[in-house]
Amino acid sequence: MTSPALGTPGAGPAQPATVFILDFGAQYSQLIARRTRELNVYCEIVPYDTPWRALAPRNPAAIILSGGPESTLVPGAPQMDPDIIRSGVPMLGICYGMQLIARECGAELVKLDHAEYGPAMLTVDRQTPLLSGVAAQSRVWMSHGDSVVRLPEGFVEAGSTPRCRVAAMANDERKLYGVQFHPEVVHTEQGKKIIENFLHAVAGIRSDWQMESFVDRSIEQIREQVGRDKVICALSGGVDSAVAATLVSRAIGEQLTCIFVDHGLLRKNEANRVVEAFRDVLHLNVVAVDARKRFLDKLAGVSDPEQKRIIIGHEFIRVFEEEAAKIPGVKYLVQGTLYPDVIESKTPQSKAGHKIKSHHNVGGLPEQMNFSLIEPLRALFKDEVRAVGKVLGLPEAIVQRQPFPGPGLAVRIIDAITEERLDLVREADAIVCEEIDGAELDPKPWQYFAVLTPVKSVGVMGDGRTYSNLVAVRAITSEDGMTADWARLPYDLLERISTRIVNEVPGVNRVAYDITSKPPSTVEWE
């Protein structure tokens, strides 16, 4: 993958066959990339209005058009450069993308009386390379309000559902295909097979992209971008910043200085552990900054989660600027930004997307900074970052460390932040982590933590009435953080967690367990 912050790959290791995914703002766009990479095919996500003249020099092997939240029937609907569809490159349109191909080729579309969301049964009406080997009937996932009612010239109906006559269309001669459903989501039973057919049978792409190739290209691109300038890295202690720092260190060595900011929003004993790990284990040049009072003063009285994230993002940059001023020649800031951060924050790279929340290192950044950004992981998912870490030889304890949000415990306190509330959620979180880490769970949750809610309730402790805080426990299973399910923890484990929190954390008399998936919720509560 090529990070937008690093630009187009130049000379160096041979470039693999490249699939471009035109992003029309779907929350599922990243899943298309994910399924493509799982098949060891190199892909990049680009804005929907990227002109063909920008793609043509890269010799695209195939193009996929994502879904999107808009309708092709309304004025001003997002559209692609018409030269792309005339390019002769194999193309697959998904949902909105199918409708766009159909419209550009002269089809008739209508708005449905009732939008179709959720499961449907696909019937394969005609064998095409796209649906080769797909069961005659299989479950698919729909999410659309418009539908094709008359096919474009040269296209045939390849699949249908009871409510959608044209659920798949094909023009084998031009290698143009469309599916109204979403093959990229796990709810579509044969979805991976359909994407595999498009990449291999239609576009003729080999499965030859490996994570080692990404590492080699990234190191070369970073060297080319940085030259002899100095670089600082925002080091949080999580796997993302650890991998980003190590990758940049491999590229430029002593030109890199890592800055670890203790903003007072970390987990129990975390600051000391982080500094020791990166200095003693990874042998990076680390400057530790104690900014606890500074951040807590800025956050005093702030309860709105978006405002918290923005304040933390801005203050992070200011601290880095101050520390960078002490190092002559610093021009770049490294961040461990991942693609899910970008998707949820709706940056300029996802023009048609709908904003979910600002991530402190994406949407929370000030418009004016004294650095240029290096974000080598910006196009990767969490599990891919772990794979890069393994290629780089990072210790297992760092590679498998559970995710922790950049704003830290600030987004695990639902209300204004105080020292007392921080102490409370920090102790509760330590118990959650200790108990789950000590349990023999298969699979082990991907992420788990405690949340301090603004709710107080009546309780009885020592024959006396209490009116104390409610702590929520969150544990989820996931592969990439974009979708997640709540972890089915054993009842006896939940009981131990609850008992310990109530008995060991002053000010808590009730514990609840969050059993909501993502979507509709997010992983963090704020």
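This section describes charged contacts, a strand hairpin and selected helices in a predicted model.

Salt bridges were counted across the model, and the count comes to 34. Three of these pairs are described here. Side chains of opposite charge can pair when their charged atoms come close.

R206 is exposed, because its relative accessibility is 63% and the cut-off for exposed is over 50%. D208 counts as partly exposed, at 38% relative accessibility.

A second pair lies within a helix. R318 and E321 both belong to helix α10, which spans residues 305–324. The two residues are three apart, about one turn of the helix. Their side chains form a salt bridge at 2.9 Å, N to O. R318 is partly exposed, with 29% relative accessibility. E321 has a relative accessible area of 15% and is therefore buried, the cut-off being under 20%.

E504 is partly exposed, with a relative accessible area of 44%. R500 is buried, at 18%. The pair also belongs to a wider arrangement. A network of salt bridges links E504 and R500 with E434, E435 and R496.

E212, D216, E220 and E224 form a negative surface patch. One of these residues, D216, lies in helix α6, which covers residues 211–226. D216 has a relative accessible area of 44% and is partly exposed.

Another charged residue, R386, is buried. Its relative accessible area is 8%. R386 lies in helix α12, residues 382–392. The C-alpha atoms of R386 and Q400 are 7.0 Å apart in space, while 14 residues separate the two in sequence.

Helix α4, residues 96–104, is largely enclosed by the rest of the structure, because seven of its nine residues are buried. The buried residues are Y96, G97, M98, Q99, L100, I101 and A102. G106 follows α4 and has a positive phi, near 100°.

The strand pair considered here is formed by β15 and β16. Strand β15 covers residues 447–461, and strand β16 covers residues 464–477. They pair in the antiparallel sense over 12 bridges. Within this pairing, V458 stands opposite Y467 in β16. In a regular strand the side chains alternate between the two faces of the sheet. The two strands form a hairpin, with two residues between them. G462 lies in the turn and has a positive phi of about 60°.

Note on methods:
Residues are numbered from 1 along each chain as its sequence is written. This is a predicted model: local features need pLDDT of at least 70, side-chain atom pairs count only at pLDDT 80 or more; totals for chains, interfaces and linings use all residues. Side-chain values use heavy atoms; hydrogens and water are left out. Patches are made of residues with over 30% relative accessible area and no salt bridge: like charges are joined within 9 Å, nonpolar side chains (Val, Leu, Ile, Met, Phe, Trp, Tyr) within 5 Å. Accessible areas come from the Shrake-Rupley method with a 1.4 Å probe; for residues, only the protein chains shown count as cover. A salt bridge is a side-chain nitrogen of Lys or Arg within 4 Å of a carboxyl oxygen of Asp or Glu. Lys and Arg count as positive and Asp and Glu as negative; His and the chain ends are not counted. The place of a charge is taken as NZ of Lys, CZ of Arg, CG of Asp or CD of Glu. Helices (H or I, at least four residues) and strands (E, at least two) are DSSP runs, numbered from the N terminus. Buried means under 20% relative accessible area, exposed over 50%, partly exposed in between (1.4 Å probe, protein chains only). Two strands pair if DSSP finds at least two bridges between them.
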